[in-house]
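Trainee: I am new to this structure and would like a close look at one part of it. Could you walk me through the salt bridges?

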Amino acid sequence: MVIEMKEQIPLIRVENMKKYYPVKGGIIPHTTGYIKAVDGVSFSIMRGETLGLVGESGCGKSTIGRQLVGLEEPTEGNIYYKGMNLSEMKKEERRKIRTNLQMIFQDSYSSLNPRKHIYEILAQPMLYHKVSTRETVEKDILKLFDMVGLSKNVLGRYPHEFSGGQRQRISIAKALSLNPEFIVCDEPVSALDVSIQAQILNLLRSLQKELHLTLLFVGHGLGAVNYVSDRIAVMYLGKIVEIGRAEEVFRHPVHPYTRALLEAVPVPDPEAEEKERGILQGEIGSSAAPPAGCRFHPRCPYAAEICGKEEPAMIKAAGRRDWAVQTKKAADGAEQTAKDADRTAQTAKGGDKAVQAAEIGDKNDAAADMDGIDNGHYAACPRILDK
C-alpha cells in the first residue's frame, strides 16, 4: 500500500510517552511500585498512513492506543494532533476534537451496550455530536451499514444476536459514525476465525483508502499487520525496539526480537520442509521490574555483556540485507565506518562479499528522523548482527 505523503506535519506525533500504573500494598495501602506499561515511546503517523504496532501480550500496545484517543492520560510525555499538544488543551478544546479520534476495540461485544439495539447505539452519538440530524440520521446509518457490508434489516437487533464478525463490522461502523480522521484498531481480528479475519482486514484496507483515514493497527501477528500497514513498529516490554517501512521490517528484520516473531509464524503447508527456528527461551520480563540495559537481553541469543548495562538507542539502519547496528559509544566513529564500508563495497569484485554498515547520524539527526519525516528503518540493538 503506497501512500503519498503531502504534508510534513504528522497527524499524530508522540514524544517520550510513559504510562505507569501504581502498585498498592501494605496494611495501610500505599504505593509500593509501578507497572511501567509504556516507558519512553516516540513515533509519528502521517495523514493517510497506517502504522502497525506489533508485540507480545503485555508489551503496552493497547495502552498506547488508549492514550492516543484520550481514554487515559500519559504519566509523562506529549501527544500532538496536527501539531497541537493535547495535554495543553482546555477541556472544551479537547471535546471538540474527540470525535476525530476513535477506537475499534478488541472485544466487540463488550464495546456495545447490550441493552440497546444497533440503531440506538449508532444514532445517539451522531445526534449528540451533531454529525446528523433527526431527519438524516437513519439515512446516514444505512450508508454506514452499506460501507461495512451489513444489511439494513438488522438495525432493530441487539448485540448478542450477531456473530463475532458481524459485531466487529458494527464496531467499525460505530467508529466511523463520527467522521474521524484517526482510528486506533486494537487487535480487531484476534478473536475471529481466519476466514472472517481476512474479510475484516480487507474491509479496513478498503475503508482506509476510500475515506483517507489514518490508522494505528495493533496486532500480534506480523503477517496481518504487514498486510494493512505502511510502516510497522515492534514493541517489547514497554519500548519500541524496531520501526520502519512494512516491507523492510517484514522482509529484512534487524532486531533479534523481530526475527523471533517472524520465525514463530507457522508455515501453512504440511509438505513444506521444516526450517530451523530460533525459539526464544524464557518468558517476557516483568513491567514492574524490567531488566537493566536492553530489556530483551535475558532472552536474546546474541546478548553480550554490554546488553545488560546500557540501554540501546534507536539507530538508523541501512535498507540492506547485510546491516550493522552500533552502540551509543560507537556513534562517534560510525559515520567514518559507513564511508569506509561504502568504499569497500564499490571496490569488491565478483563473488567477494562486501561488508555493509548502517548509516548512523548524530543524536539530533536521529531524533529529527524519528519524528517520522523520513520514515527510516530504526532498531534498538547494541550488537552487530550479520546472520
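Mentor: Happy to! Lys18 and Glu76 join their side chains in a salt bridge, with 3.8 Å from N to O (a salt bridge is a side-chain nitrogen of Lys or Arg within 4 Å of a carboxyl oxygen of Asp or Glu). Lys18 sits in strand β1 (residues 12-25) and Glu76 in strand β4 (residues 76-81), so the pair ties together parts that are 58 residues apart in sequence. Helices (H or I, at least four residues) and strands (E, at least two) are DSSP runs, numbered from the N terminus. Lys18 counts as buried at 19% relative accessibility, while Glu76 is partly exposed at 38%. Here buried means under 20% relative accessible area, exposed over 50%, and partly exposed in between (1.4 Å probe, protein chains only).

A word on the source: this is a predicted model, where local features need pLDDT of at least 70, side-chain atom pairs count only at pLDDT 80 or more, and totals for chains, interfaces and linings use all residues. Residues are numbered from 1 along each chain as its sequence is written, and side-chain values use heavy atoms, leaving out hydrogens and water.

Next, Glu56 meets Arg299 in a salt bridge of 3.1 Å, N to O. Glu56 lies in the loop between β3 (50-54) and α1 (61-68), and Arg299 in the loop between α9 (256-263) and β11 (315-316), so this pair links parts 243 residues apart in sequence. Glu56 is partly exposed at 22%; Arg299 is buried at 10%.
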